[in-house]
Each structure stands twice: as C-alpha cells, then as structure tokens.
Amino acid sequence: MYDFILQAAFFGSLSVMAYLFARALPRVEEATDPKGIYDHIDEWISRLPLHHLDERANSFMFKFLKRARVIVMKIDNRIIRSLERVKKNGEQVSSPTQELLDHVQGEGKDNSQLF
C-alpha cells in the first residue's frame, strides 16, 4: 500500500507539473529567425508608393496616346490632300520610292525569265 501512495503522489505531481507547463506555454514566444536579405527587400518593396507610380504611368500614357493620335490625324490629312491633288490633276506624281520599286520589279522580271 505504501508503494501505491508513493506512485499516486509521484504521478499526481507529474500531472500538476504538466498542467502548469500547459498553462505557461502560450506565454512563451516563438523564436524568430533573423531577417534575411529577401525579408529586407520585401519590406523595402512594400514601402514603395506603387499606386503613385501607377497613376503617373497612366497619365503619361494618356497624354502620349492623345499626342500620337493628333500626329496620325495630321499625317492622314496630308495624305488625303496629296491624293486629292493627284486625282484633280489626273497625273501620277513619281516619287523616288516608286521609281525604286519599279526598278526592283523590273530586275525581278529579268531574273525570272532566266529560269
């Protein structure tokens, strides 16, 4: 009977210690790893004002596209005026580009006749 009382006291004290340990466990903080280079880069990127950069990029793109549209419209108007002038005069204005194309096509015909 003496052994039973000692074993009961021993296991009782073990259970009290396990209970106290379980209560104290949430107060212990987890050990954190030291910050690496990727953590520093991630923090640095998170501090960047990306929304401001996005707004500026959208503003720049809007202005650029409006100006490009105006330039394309001016080029279109010049082409239309040139075509109307050619149509009105009834003659074709020979340009250096057209002469070059005619010359190249002429050589291509000569080469095709060889084969």
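Helix α2 contributes the largest share of the nonpolar patch, five residues. Helices here are DSSP runs of H or I with at least four residues, and strands are runs of E with at least two, numbered from the N terminus. The patch covers about 860 Å² of surface. Its members are Ile-37, Tyr-38, Ile-41, Trp-44, Ile-45, Leu-48, Leu-50 and Leu-53. Both α2 (37-47) and α3 supply at least two residues each. Patch residues have over 30% relative accessible area and no salt bridge; nonpolar side chains (Val, Leu, Ile, Met, Phe, Trp, Tyr) are joined within 5 Å, like charges within 9 Å. Ile-41 is found in α2. Its relative accessible area is 40%, so Ile-41 is partly exposed. Buried means under 20%, exposed over 50%, and partly exposed in between (1.4 Å probe, protein chains only).

The model is predicted: local features need pLDDT of at least 70, side-chain atom pairs count only at pLDDT 80 or more, and totals for chains, interfaces and linings use all residues. Residues are numbered from 1 along each chain as its sequence is written, and side-chain values use heavy atoms, with hydrogens and water left out.

The protein chain has four helices and zero strands. From the N terminus on, the order of elements is α-α-α-α. Of the 115 residues in the protein chain, 0% are buried. The accessible surface of the chain comes to about 11,900 Å². Carbon and sulfur atoms hold 62% of that surface. Areas come from the Shrake-Rupley method with a 1.4 Å probe; for residues, only the protein chains shown count as cover.

The mean pLDDT (the predictor's confidence in each residue, from 0 to 100) is 81. A pLDDT of 70 or more is reached by 80% of the residues. Helix α3 has the highest confidence, at a mean of 91, and α4 (residues 96-114) the lowest, at 62. Over residues 111-115 the pLDDT is below 50. Beyond near neighbours in sequence, that stretch has zero contacts in the model, a contact being heavy atoms within 4.5 Å. Where pLDDT is low, predicted coordinates should not be read in detail.

A search of the whole structure finds two aromatic pairs. Phe-10 and Phe-11 form an edge-to-face pair, 5.6 Å centre to centre, with 70 degrees between the planes. Rings of Phe, Tyr and Trp (its six-membered ring) pair if their centres lie within 6.5 Å; planes under 30 degrees apart count as stacked, over 60 as edge-to-face and the rest as tilted. Phe-10 is partly exposed at 47% relative accessible area, while Phe-11 is exposed at 53%. The pair of Phe-60 and Phe-64 is stacked, with centres 6.3 Å apart and 15 degrees between the planes. Both residues lie in helix α3 (residues 50-89), four residues apart, about one turn of the helix. Phe-60 is exposed, with a relative accessible area of 56%. Phe-64, at 47%, counts as partly exposed.

The side chains of Glu-43 and Lys-35 meet at 2.7 Å, N to O. A salt bridge places a side-chain nitrogen of Lys or Arg within 4 Å of a carboxyl oxygen of Asp or Glu. Glu-43 is partly exposed at 32% relative accessibility. Lys-35 is exposed, at 52%.
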